[in-house]
Amino acid sequence: MKVILSIILLGLGVTNICFGQLDPLYAQYMFNQLTFNPACAGSEEKIIAGLTIKKNRSVSGLTPEIKSFTIHAPFLARRIGLGLNFSEVKTGFLKNIEANFSYSYKILFSRGILSLGLLGGIIQRSVNNSEVVVKHQDDPDIITLNNFTEIIPDAGVGAYFQKENYYLGLAIRHIIPVVALFPDDPLGKHLHFYLNGGYKYAISSQIRCANSFLVKNSLITTWQADFTHHFIFLESFWLGGSYRTVNSVSLQSGIKFNGIFNRLKQDIKLGYAFDIYTTNMKPSHEIMLLLDLEIHKNPKKIRKQKVQFSPFFI
């Protein structure tokens with residue numbers, strides 16, 4: 001089977017959406033920090049599970065899909081954190097599936113908590129030529145590529161500092177390179193660098209503001225940055241938006257539900273993001289579901305730090 005790679009990549013705009021940055025890009029990244037920074041594992045005194053689904057549609061009619069599931073929690077008097085992350089990115093005939101394990105170790109300071117993290121896992125990348133439609137068999141730019149599936153190792157490191165009203169993180173992903181199958185192969189993996197942070201403040205007794213940013217880069221792309229601002233009302237729902245320097249703006253909203261299940265002290269957060277692109281991508285929809293289960297037996301040594309961190313401060 002032959003693949004018109006250049007036409008499909010142009011039609012999908014994947015150089016900006018899925019595979020150009022290679023790792024999935026989420027508008028609600030403040031809820032998905034474990035996807036890029038292993039030091040975030042166990043950052044709260046809670047068991048946290050999150051699911052994010054994002055769908056894009058290009059002018060070519062093809063639909064890139066991104067799915068992610070994360071779960072993490074603190075252990076051993078909150079000195080360490082453990083987490084799992086699963087993600088799938090599918091665009092046309094290309095698909096990446098990642099599964100990784102995160103470990104973090106926490107160092108206590110008088111002004112906050114510093115976490116150092118390690119990540120290890122696997123990446124399964126595959127090509128399915130049955131999903132390719134070739135319109136011009138004599139096109140000189142056609143590349144011959146057979147169906148294939150392979151599994152390769154993945155690794156990363158990270159650092160994370162958190163205090164009561166702000167946080168700052170730095171991470172490096174995909175330390176083990178993935179060899180490209182052909183020039184400009186979007187399934188090739190390169191080093192990724194992430195810098196993110198957030199800050200909260202109150203403007204009244206019922207309204208708070210949360211600002212966050214995420215700067216990212218890989219060895220084959222230019223720097224990209226997301227800047228996000230949200231208004232949080234009554235600790236229960238939020239409205240806001242973000243700007244991505246390369247190609248999009250995002251409108252976001254969400255709501256928090258408390259104590260839905262009896263005998264469990266939990267929060268459920270439901271978030272939605274509507275992204276508008278300046279490229280040939282049509283607007284995308286992103287849905288996020290987050291479940292927090294509080295751990296009742298909190299170690300006193302940690303509680304003295306008074307660091308009750310939440311990636312979204314609610």
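Mentor: Let us begin with contacts along the chain of this predicted model. Among contacts with a separation of 6 or more, 59% are between residues 24 or more positions apart. The chain has two helices and 16 strands.

Trainee: Which residues of the largest nonpolar core touch the most other members?

Mentor: In soluble globular proteins, nonpolar side chains tend to be buried together. Here the largest such core holds 17 residues, and those touching the most other members are Met 30, Phe 31, Tyr 160, Tyr 194, Leu 214 and Leu 290. Strands 9, 11 and 16 each supply at least two residues of this core.

Trainee: How many salt bridges does the structure hold?

Mentor: Side chains of opposite charge can pair when their charged atoms come close. The structure holds 14 salt bridges. In one of them, Asp 267 pairs with Lys 46, with 3.9 Å between the closest N and O atoms. Asp 267 belongs to strand 15 and Lys 46 to strand 2, so this pair ties together parts 221 residues apart in sequence.

Trainee: Is Lys 46 buried or exposed?

Mentor: Lys 46 has a relative accessible area of 16%, and therefore counts as buried, the limit being under 20%. Lys 46 also forms a salt bridge with Asp 292, at 3.8 Å from N to O. That pair links strand 2 with strand 16, 246 residues apart.

Trainee: What is the N to O distance between Asp 292 and Lys 269?

Mentor: The distance is 2.7 Å in that salt bridge. Both Asp 292 and Lys 269 are buried. Through shared partners, salt bridges join Glu 44, Lys 46, Asp 267, Lys 269 and Asp 292 into one network.

Note on methods: Residues numbered from 1 in each chain as written. Predicted model: local features only at pLDDT ≥ 70, side-chain atom pairs only at ≥ 80, totals over all residues. Heavy atoms only, no water. Helix = DSSP H or I, 4+ residues; strand = E, 2+ residues; numbered from the N terminus. Contact = heavy atoms within 4.5 Å. Core = buried A, V, L, I, M, F, W, Y, C linked by side-chain atoms within 4.5 Å. Buried < 20%, exposed > 50% of the residue type's maximum accessible area, 1.4 Å probe, protein only. Salt bridge = Lys/Arg side-chain N within 4 Å of Asp/Glu carboxyl O.
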